Amino acid sequence: MTSDTPARRRARVFSRRRSAPSRARRRMGAAVRMLAALVLAGGVYTAFTPGAFADDDVQLSAAAQEGKALFDNSCISCHGRDGQGVDDRGPSLIGVGAASVEFQVSTGRMPMTRQEAQAEEKAPQFNDDQTRQLAQYVQEIGGGPEIPEGRLDVDLKQDPDALARGGELFRVNCTSCHGFGGGGGALSSGKFAPALHDPTAREIYAAMLSGPQNMPVFGDNQLTPEQKKQIITYIQVQLQDDKDPGGLFNLGRYGPSTEGMAIFLVGITLLVFTSLWIAGKS
């Protein structure tokens, strides 16, 4: 067993002093590498997602210039300059696209009357041309999903099976909120899914692209454009045109619950009066 001489103790002290700066340098090097990685990731994100910020120098089309005038007069107080949003008043519109603007403005949900759990449908404050101009302005400053041009439903003469496929897609993706009969339904926190008896094909397509309120976004990866058109065809033909396929009284289209209750009440009432009539005759 070797003795712990003063020389050896001094050597251990000097060794620890030499190793301490080495550990500090390693930690500093790791921090520098982490910072460099974060800066690189941020630079790559900024380079490949230019639509995340509005471009002050973008050259607007004639329609977008008209839309900007409408926006500055009616929307800027809540959504801010160039659609950047205002805290506690209105969200940023960068990246929402023309589809979202068309849905919200054409259905009167925007501008909102007051801050509530959900923007409710009301008479629109802009006509169709003004709505398209507003949508074009938001599209050009921030990008996002757009409603495709052309027909937004399916010609059943050319594709008679589209109605059945649209019904299947509707039952899988839409009935949990809008109901099997398209009557809408209550959601959490004071929100609700609206009825589908009145919206146009363009409004339905825009809603699927933009996902307003609690509605999920059905991008082209979730539902192809053709599948969206099939759903719209089913809604228009089965829920809007053929309003009561089951009879004269739809009873809210809530299913067997209301139908069973109605049959029970009507049946019991008829039985009671029939019994009284028979008793009076006997």
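T233 is found in helix α9. The structure is a predicted model, where local features need pLDDT of at least 70, side-chain atom pairs count only at pLDDT 80 or more, and totals for chains, interfaces and linings use all residues. Residues are numbered from 1 along each chain as its sequence is written, and side-chain values use heavy atoms, with hydrogens and water left out.

**Overall layout**

- The protein has ten helices and two strands. Helices (H or I, at least four residues) and strands (E, at least two) are DSSP runs, numbered from the N terminus.
- Along the sequence the pattern reads α-α-α-α-α-α-α-β-β-α-α-α.
- Of the 282 residues, 28% count as buried. Buried means under 20% relative accessible area, exposed over 50%, and partly exposed in between (1.4 Å probe, protein chains only).
- Contact means heavy atoms within 4.5 Å. Among contacts between residues at least 6 apart in sequence, 59% join residues at least 24 apart.

**Helix α9**

- Helix α9 (residues 225-241) has 17 residues. From first C-alpha to last, α9 reaches 22 Å, close to the 24 Å expected at 1.5 Å a residue. The expected span is 1.5 Å times one less than the number of residues.
- Buried residues of α9 include K228, I231, I232, T233, Y234 and I235. Their cover includes α6 (162-173) and α8 (201-210).
- T233 counts as buried because its relative accessibility is 2%. Leaving aside neighbours within four places in sequence, T233 is in contact with D153, V154, L156, L163 and Q238.

**Nonpolar cores**

- A nonpolar core is a set of buried Ala, Val, Leu, Ile, Met, Phe, Trp, Tyr and Cys residues joined through side-chain atoms within 4.5 Å.
- The largest nonpolar core has 22 residues. F170, M208, I231, I232 and I235 have the most contacts inside this core.
- Helices α4 (97-106), α6, α8 and α9 each supply at least two residues of this core. The most come from α8, with seven residues.
- Apart from this core lies another, of 16 residues, among them L70, C75, V105 and Y137.
- Not counting residues up to four places away in sequence, F170 touches T175, G179, F180, L196, I231, Y234, I235 and L239.

**L196, a loop residue**

- L196 lies in the loop between β2 (192-193) and α8. L196 counts as buried because its relative accessibility is 9%.
- Beyond neighbours within four places in sequence, L196 is in contact with F170, H178, G182, I235 and Q240.
- L196 and G184 are twelve residues apart in sequence and 7.1 Å apart in space, C-alpha to C-alpha.

**How α4 packs**

- Axes are lines fitted to C-alpha atoms, for helices over the stretch in contact, and angles run from 0 to 180 degrees between N-to-C directions.
- α4 and α8 pack at about 130 degrees, with their axes 8 Å apart. That angle makes α4 oblique to α8. Angles under 35 degrees count as roughly parallel, over 145 as roughly antiparallel, 65 to 115 as roughly perpendicular and the rest as oblique.
- The α4 residues A99, S100, E102, F103 and S106 meet R202, E203, A206, A207, L209 and S210 in α8.
- α4 and helix α5 (residues 128-142) pack at about 150 degrees, with their axes 8 Å apart. On the α4 side, contact is made by G97, A98, V101, E102, V105 and S106. On the α5 side, contact is made by T131, R132, L134, A135, V138 and Q139.
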